[in-house]
Amino acid sequence: MQGGAVTVLEKPCQMDTLIDTIKGGLCRRAAIMKTRQNRSQKAARHSGGRPSSDRALSPQMVDYERELISRALKRNIGNKVKTAGELGISKSQLYAKLKSFGLT
């Protein structure tokens, strides 16, 4: 249960019970993902596509983000539009991050 399980089925269980339990879990997961997507879209609209002014990331996270962006740029042969799309951020956010990391 600590790993995220919502129910426990004892073996052997009826096939209908198993199927209903899986369907219920998938429905709950879809609802959670929809809520996360809505919150993400709301945050993106609120920020206007600009990077957050919150610079409270730990140094390790900043290094990790820098490395992810560097690798994505290499995979996309320096194409910043493709890189931004792959990373799921706007071009302006990518340019701001590149500037802050000194990767321009």
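Biologist: Hi! Which word describes how H2 and H3 lie to each other, oblique or roughly parallel?
Modeller: In this predicted model, the axes of H2 (residues 59–75) and H3 (residues 80–87) cross at roughly 130°, where axes are lines fitted to C-alpha atoms over the stretch in contact and angles run from 0 to 180 degrees between N-to-C directions. Angles under 35 degrees count as roughly parallel, over 145 as roughly antiparallel, 65 to 115 as roughly perpendicular and the rest as oblique. The two helices, H2 and H3, are therefore oblique.

Biologist: Before we go on, which pLDDT do side-chain atom pairs need?
Modeller: Residues are numbered from 1 along each chain as its sequence is written, and side-chain values use heavy atoms, without hydrogens and water. In this predicted model, totals for chains, interfaces and linings use all residues, local features need pLDDT of at least 70, and side-chain atom pairs count only at pLDDT 80 or more.

Biologist: How many charged residues are in the contact of H2 with H3?
Modeller: H2 brings Leu68, Ile69, Ala72, Leu73 and Arg75, while H3 brings Lys80, Thr83, Glu86 and Leu87; contact means heavy atoms within 4.5 Å. Ala, Val, Leu, Ile, Met, Phe, Trp, Tyr, Cys and Pro count as nonpolar, Asp, Glu, Lys and Arg as charged, and the others, Gly among them, as polar. The contact residues divide into five nonpolar, one polar and, as charged, three.

Biologist: Is threonine 83 buried or exposed?
Modeller: Threonine 83 sits in helix H3 and touches Ile69, Ala72, Leu73, Asn76 and Leu94, leaving aside neighbours within four places in sequence. Buried means under 20% relative accessible area, exposed over 50%, and partly exposed in between, with a 1.4 Å probe and protein chains only. With a relative accessible area of 0%, threonine 83 is buried.

Biologist: How far apart in space are threonine 83 and alanine 72?
Modeller: Alanine 72 is one of the residues in contact with threonine 83. They are 11 residues apart in sequence, and their C-alpha to C-alpha distance is 5.8 Å.

Biologist: Which pattern does the protein chain follow along the sequence?
Modeller: Helices (H or I, at least four residues) and strands (E, at least two) are DSSP runs, numbered from the N terminus. The chain has four helices and zero strands. Its pattern is α-α-α-α.
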